Amino acid sequence: MGVPEAIRSVERPKNTVVDDSGREGINRYSVRERSGIKYVKNGNPQPGNGKVIGHIIRGMFVPVADRMSDAPDSLSYGAAALAKSVSDDILKDLLAVYPANEAAEIMVIAMLKVLRPKIASNRYSTHYGRTFVSHYYPNVPLSKNTVGALFKKLGMDGGKRKSFYAHRIGRVAAEHHIAIDGTLKQDTSTVNDLSAFSYKARVKGCKDVSVLYAYDIEDMEPLCAEVFPGNCIDACSFSAFINDNGIDRGILIADKGFPISSIAQDLKSRPGLHYLIPIKRGDLRIRDNNMLEFDEVVTGTDKNVVGKQVKLKEGKYLYSFRDAYLAGKEESSVITKSKKKESFDSKSYLSHRDAYGLIVFESDLDLPLGKVYKNYEDRWLLELLFAQYKGAEYLDSTGVQGDYSLIGVEFVNFIATLMTSRMVRKAGGAKLLDKMTYGDLMEDLSSAWRYPVTTEKPKSYDKNWIHTLPSVFDILERLGLSEPIERIPKKRGRPKSEVIKPEKPKRPRGRPRKNAIAQATVH
């Protein structure tokens, strides 16, 4: 079928021809440029048609435009830049163990878990493409199947995980304190052998897995992590955790009631490893060693605390502390409960009154009371870490099937938790968390969008920012994520204004009064 005359008569570039593709649509009539001549045997030469340079659309020639790019021209900068600023050394540790492509994939998934808490496995690619994470780690595959396969491989290769943790543990100073504790995570999978009913199952009504973390108190960040069955007691998991991760120095600070006998052999074979464990208030050693007869006021803390140290025969030490504030709070709580129940047990009240606000530690080290109590206070940093783990990062359930995948996803969660700890510490050092929450901070930083140029540290208010508020620029500058613009200092005082005084008219020559009389006489 030929091209209609109305189409061919439309004004178009010279040396072109209109071609009917036969397909319905807006681009049916293509305009092609002439490209040389075709010679026909025993016939006249025929013109050749070249590439399409446009189309005839609704009575006019429309040239071919460049296709739209699949890559966005602007990305969310602030939150991703904060995560990268605290994680370059983590990438180096991963590259020492894993291939470069897998190390990059681990870093990207961990970053996205930090930037987008509770992210689903099928949303990694979407959020990767809209943040500067794709600029820092380009061309990383993040389909649901790819991410799932990575988790499984990470879980299957325990040797590489241990090598990564060994890099971190090997840098722990001998005088540092290592707190070890665990948290339970909900896991309702029917195919995970690690999923089991924990001692809290009767309250929660579902199976759990146990995740143990080692935390460097001085550096305020996690060192390593490991997954155990939900029904595994601390006495078993702690010994396995120490041996699996090669923890051979520092001071272990565990939870109350932890049996030292369960790790006695581990401590004996590791001379550089010590412990500081709180014991139960009903322990007979408290009474036998008169640990309630305090003889010293504890310094180095803003709390009102008294304490006592006693050396035991077997070379161990007991340290007792009584916090006056906590003692009053506990006593008040007992009295309040008695009022509600409308019953009061005087004998029980008097027998426990001296123990209110009391905590007693057992250790194999001879330490000043102030240092022991400081270590106890710092121990709660690990509790804050788990609160952050389940709160800010929403890592309170596993969300995967299979034991290998579970172990692998917890390894990536460890990287995300390590990043978050550093980000919180950096924001706290910049005094940003004094007036806003961590969640609000991340929300403000995520609103800082920018064209993906190659500047390592951009300048505030340059032409590559997109609708970023001055308050967000202030946050970026305080975190060292953008360089402030140079401002010319103003001189003190009010600037002098140049006042132009009007020129005074010259006085006319002669005597004005006599001249006026003379003129009046003439007229």
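Q: Why does His467 count as exposed in this predicted model?
A: The relative accessibility of His467 is 78%. Exposed means over 50%, so His467 counts as exposed.

Q: Where is His467 found?
A: His467 is in the loop between β16 (465–466) and α18 (470–478).

Q: What makes the phi of His467 worth a remark?
A: His467 is not a glycine, yet its phi is positive, about 50°. Most residues other than glycine have a negative phi.

Q: Which other residue has a positive phi although it is not a glycine?
A: Asn139 does, with a phi of about 60°. Asn139 is found in the loop between α6 (133–136) and α7 (144–156).

Q: Why is Asn139 called exposed?
A: Its relative accessibility is 77%. The cut-off for exposed is over 50%, so Asn139 counts as exposed.

Q: Why is the pair of Phe132 and Tyr136 called tilted?
A: The structure holds 15 aromatic pairs. In the pair of Phe132 and Tyr136, the rings are 5.9 Å apart, centre to centre, with 55° between the planes. Centres within 6.5 Å make a pair, and planes under 30 degrees apart are stacked, over 60 edge-to-face and the rest tilted. The angle of 55° therefore makes this pair tilted.

Q: How do you know whether Phe132 and Tyr136 are buried or partly exposed?
A: Phe132 has a relative accessible area of 3%. Buried means under 20%, so Phe132 is buried. Tyr136, at 22%, counts as partly exposed, because that class lies between the 20% and 50% cut-offs.

Q: What makes the pair of Phe164 and Phe411 edge-to-face?
A: The centres of Phe164 and Phe411 are 5.4 Å apart and the planes are at 80°. Edge-to-face needs over 60 degrees, so the 80° of this pair qualifies.

Q: Why does the pair of Phe164 and Phe411 tie together parts that are apart in sequence?
A: Phe164 lies in helix α8 (residues 158–169) and Phe411 in helix α16 (residues 403–429), so the parts they join are 247 residues apart in sequence. Phe164 is buried, at 0% relative accessible area, and Phe411 is buried, at 1%.

Q: Which residues do ring pairs link into a cluster?
A: The cluster consists of Tyr77, Phe132, Tyr136, Tyr461, Trp465 and Phe473.

Q: How do you know that the charged end of Arg450 sits over the ring of Trp465?
A: The charged end of Arg450 is 4.6 Å from the ring centre of Trp465. The distance cut-off is within 6 Å, and the charge must also be within 35 degrees of the ring normal. Arg450 is listed as sitting over the ring of Trp465.

Conventions: Residues are numbered from 1 along each chain as its sequence is written. This is a predicted model: local features need pLDDT of at least 70, side-chain atom pairs count only at pLDDT 80 or more; totals for chains, interfaces and linings use all residues. Side-chain values use heavy atoms; hydrogens and water are left out. Helices (H or I, at least four residues) and strands (E, at least two) are DSSP runs, numbered from the N terminus. Buried means under 20% relative accessible area, exposed over 50%, partly exposed in between (1.4 Å probe, protein chains only). Rings of Phe, Tyr and Trp (its six-membered ring) pair if their centres lie within 6.5 Å; planes under 30 degrees apart count as stacked, over 60 as edge-to-face and the rest as tilted.
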